[in-house]
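Here's a quick briefing to read alongside the model. Have the viewer open and follow the residue numbers as you go.

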Amino acid sequence: NSSEFIPKCRTCRRQAREQSGQGAHHEGLSSDEELTPTEVDEFQKSKDNVLEDSRKIFEDVHADFCDIRKILLKFQEWKEKLPDSYCDAYISFCLPKLLNPLIRVQLISWNPLEQNFTELEEMPWFRAIEEFSDAENIPES
């Protein structure tokens with residue numbers, strides 16, 4: 001019977017934790033979901049390596065081409081100076097693909113499950129895109 005099996009498994013796992021000295025179990029949580037200190041350390045090292053590597057991605061890129069606000073400013077200037085060319089290039093379809101890598105790098109360390117996480121709407125890249133979108137929707141006089 002499966003109902004008899006579950007308490008026996010829990011009892012066995014509890015006894016194994018008590019014998020090994022791992023008393024940090026929280027009742028109601030599956031021990032399968034718990035990470036050992038070694039796994040936590042490995043995860044943190046891996047996370048730190050990824051974050052360090054992400055900082056190096058745009059190291060050799062000119063500031064005008066790795067800052068979303070500056071990129072969008074270039075497109076705004078293009079639209080104002082050469083509106084026909086801008087329209088013919090279908091820029092509104094190109095911008096998501098162009099900005100995607102820049103946004104992804106900024107979201108690497110973002111964790112919405114943390115208590116003090118930043119809302120997407122408050123991030124600088126989001127505000128820059130929002131301002132650009134608002135500027136595009138202003139009717140020309």
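**Helix H3 and the rest of the chain**

H3 runs for 14 residues and spans 20 Å from its first C-alpha to its last, close to the 20 Å expected at 1.5 Å a residue. Keep in mind that this is a predicted model.

**Around H3**

- The buried residues of H3 are Ile68, Ile71, Leu72, Phe75, Gln76 and Lys79. They sit on the same side of H3, because the arc they cover around the axis is only 140°.
- Over on the face of H3 turned away from that buried side, you'll find the exposed residues Glu80 and Lys81.
- At the start of the helix, a side-chain oxygen of Asp67 comes within 2.9 Å of the backbone nitrogen of Arg69.

**Salt bridges**

- How many salt bridges does a search of the whole structure turn up? It turns up two.
- One of the pairs is Glu131 with Arg69, whose side chains meet at 2.6 Å, N to O. Glu131 belongs to helix H6 (residues 124-137) and Arg69 to helix H3 (residues 68-81), so this pair ties together parts that are 62 residues apart in sequence.
- As for solvent, Glu52 counts as partly exposed at 38% relative accessibility, while Arg55 is exposed at 55%, since the cut-off for exposed is over 50%.

**Two residues with contacts worth a look**

- Cys66 is in the loop between H2 and H3. Its relative accessible area is 24%, so Cys66 is partly exposed rather than buried, a label that needs a value under 20%.
- Which residues does Cys66 touch, not counting those up to four places away in sequence? The list is Phe58, Val61, Ile71 and Leu102. Ile71 is also one of the buried residues of H3.
- Cys66 and Leu99 are 33 residues apart along the chain, and their C-alpha atoms are separated by 9.3 Å.
- Ser54 is in helix H2. With a relative accessible area of 11%, Ser54 is buried, as that value is under 20%.
- Leaving out neighbours within four places in sequence, Ser54 makes contact with Val105 and Ile108.

**A backbone angle to check**

- Where is Tyr90? Look in the loop between helix H4 (83-88) and helix H5 (91-107).
- Tyr90 has a phi near 50°, a positive value in a residue other than glycine.
- Is Tyr90 buried or exposed? At 54% relative accessibility, Tyr90 counts as exposed.

**Whole-chain numbers**

- The chain has 141 residues, and buried residues make up 15% of them.
- Take the contacts between residues at least 6 apart in sequence: 53% of these join residues at least 24 apart.
- The accessible surface of the chain is about 11,500 Å², and 54% of that belongs to carbon and sulfur atoms.

Key:
Residues numbered from 1 in each chain as written. Predicted model: local features only at pLDDT ≥ 70, side-chain atom pairs only at ≥ 80, totals over all residues. Heavy atoms only, no water. Salt bridge = Lys/Arg side-chain N within 4 Å of Asp/Glu carboxyl O. Buried < 20%, exposed > 50% of the residue type's maximum accessible area, 1.4 Å probe, protein only. Helix = DSSP H or I, 4+ residues; strand = E, 2+ residues; numbered from the N terminus. Expected span 1.5 Å × (residues − 1). Arc of directions from axis to C-beta. Polar contact = N/O pair within 3.5 Å; in protein donor to acceptor, adjacent residues only side chain to side chain. Contact = heavy atoms within 4.5 Å. Areas by Shrake-Rupley, 256 points an atom, 1.4 Å probe, with all protein chains shown as cover.
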